[in-house]
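The sequence and structure are shown first.

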Amino acid sequence: MTYSIASTERSLSQPTQRQRSTVEKTPNSSTSNVHSLAVLWAKKYYTAVTNQDDSASTLAAADLKESASIEGRQSTAEKMMQKLNFASAQAWSLTETLLSEEIRRHGINPELVNPLEIAADTRCLFQKTANAYAQRATPRRLSVIVGKDFGKVRQKYTSVDRRAIGFVSMQFHYTGQKILDWLSPAEQKLWLPYLKVMDDHMYMPLQAAYDAAANHPYNSPALLAVQNLLPISTKLAISVCQQVCRQKPKYETYSGPLMSKTVRIASIRDVEMFQVYLCLCVLEDDIRAVQRELFPLCVMLYPRLRVGWRLVQDMLKAIGWEMYNRLPPENMATFLPYLRTLTEMFSCDVFQEP
């Protein structure tokens, strides 16, 4: 079935049985709005993407218990820090191989892409997260602990040319993957939710969304719509990716098959990323975040990652239907103008593919 934004808009006035996500509608200050969104996002990490991996259940309980102990966590953190410089160097080599041509093609000022500075900022964020991990902070708590630090790094690299964050994001992603390779299966299971927290804060404008929420009254339709979408965004993303994988079982990306574990996790993150940008547009009552940041980043990164525009279009259609099925009509009505614009920006009218 072809997804139609217009038909969805007409259907909003018709009563429909839906799965509804409720929020407590009590007066809050602007500070509480920021805290509320941060907590909603943090709660999702109890059921992180890695918990969907059935193979993790085969890990020996003794191995998990040992790795989860204070001593085990400290040992894992020390191992990661010992490998961090080497991982960072390897990551920049991969990032440069992937994106060096994009600097010229997109007319990006090379001075904005300083590998030493990007690597230093990446290492600092990994160090803070490893320290929190060693001190047994939960993934939920980590989202609150490091959120502002990631926000500052994103602001630093997007203040002049927003496309520079693409290089930082890929450097960060590859560093995390290299470190992951050196961990035992038990350590990987425990560390992956923390890595997802970091990935999300690097790829997504979460801090900008929190700041925008501070400008809304507690009963703002925009704020209430975002509060209803954020808690279900991971489940929605997983469902979207499952649908797309079923539609394109043989699809190959730069990092491997669409159905492989690494690509699946990255795909789920990207679907969540599109949702967060959509939330930011609603909270700012403006599409500029997509125009200035998300769209240019996708144009720069997706062709290099062998992600076709038809795949992105299928993803957006699935996101639209999932939102329509999961959100109350009044929330969907709030998102709809921005969802329509986002869909049109990535439409066949813009990208001509065979």
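## Residue classes

Ala, Val, Leu, Ile, Met, Phe, Trp, Tyr, Cys and Pro count as nonpolar, Asp, Glu, Lys and Arg as charged, and the others, Gly among them, as polar. By these classes, the lining of the largest cavity has 25 nonpolar, 7 polar and 3 charged residues. The model is predicted.

## Cavities

Searching the whole structure gives 2 cavities of 30 Å³ or more. The volume of the largest cavity is about 550 Å³.

Its lining consists of 35 residues, and those nearest the centre are Ala-266, Ser-267, Asp-270, Tyr-302 and Val-307. Two or more lining residues come from each of helix H7 (164-181), helix H8 (185-203), H11, helix H12 (261-284), helix H13 (288-301) and helix H14 (309-326). H12 gives the largest share of this lining, with 8 residues.

## Ser-88

Ser-88 belongs to helix H4 (residues 70-105). Its relative accessible area is 3%, so Ser-88 is buried, the cut-off being under 20%. Apart from neighbours within four places in sequence, the contacts of Ser-88 are Ala-119, Arg-123, Gln-171 and Thr-175.

## Arg-246

Arg-246 lies in helix H11 (residues 233-247). Arg-246 counts as exposed because its relative accessibility is 61%, where exposed means over 50%. Between the C-alpha atoms of Arg-246 and Leu-258 the separation is 9.9 Å, and the two residues are 12 residues apart along the chain.

Definitions and conventions
Residues numbered from 1 in each chain as written. Predicted model: local features only at pLDDT ≥ 70, side-chain atom pairs only at ≥ 80, totals over all residues. Heavy atoms only, no water. Helix = DSSP H or I, 4+ residues; strand = E, 2+ residues; numbered from the N terminus. Buried < 20%, exposed > 50% of the residue type's maximum accessible area, 1.4 Å probe, protein only. Contact = heavy atoms within 4.5 Å. 1 Å grid on protein atoms, 1.4 Å probe; cavity = no way out; pocket = protein on both sides within 12 Å on 5 of 7 lines; lining within 4 Å. Points joined across faces, edges and corners; volume = space filled by probe spheres on them.
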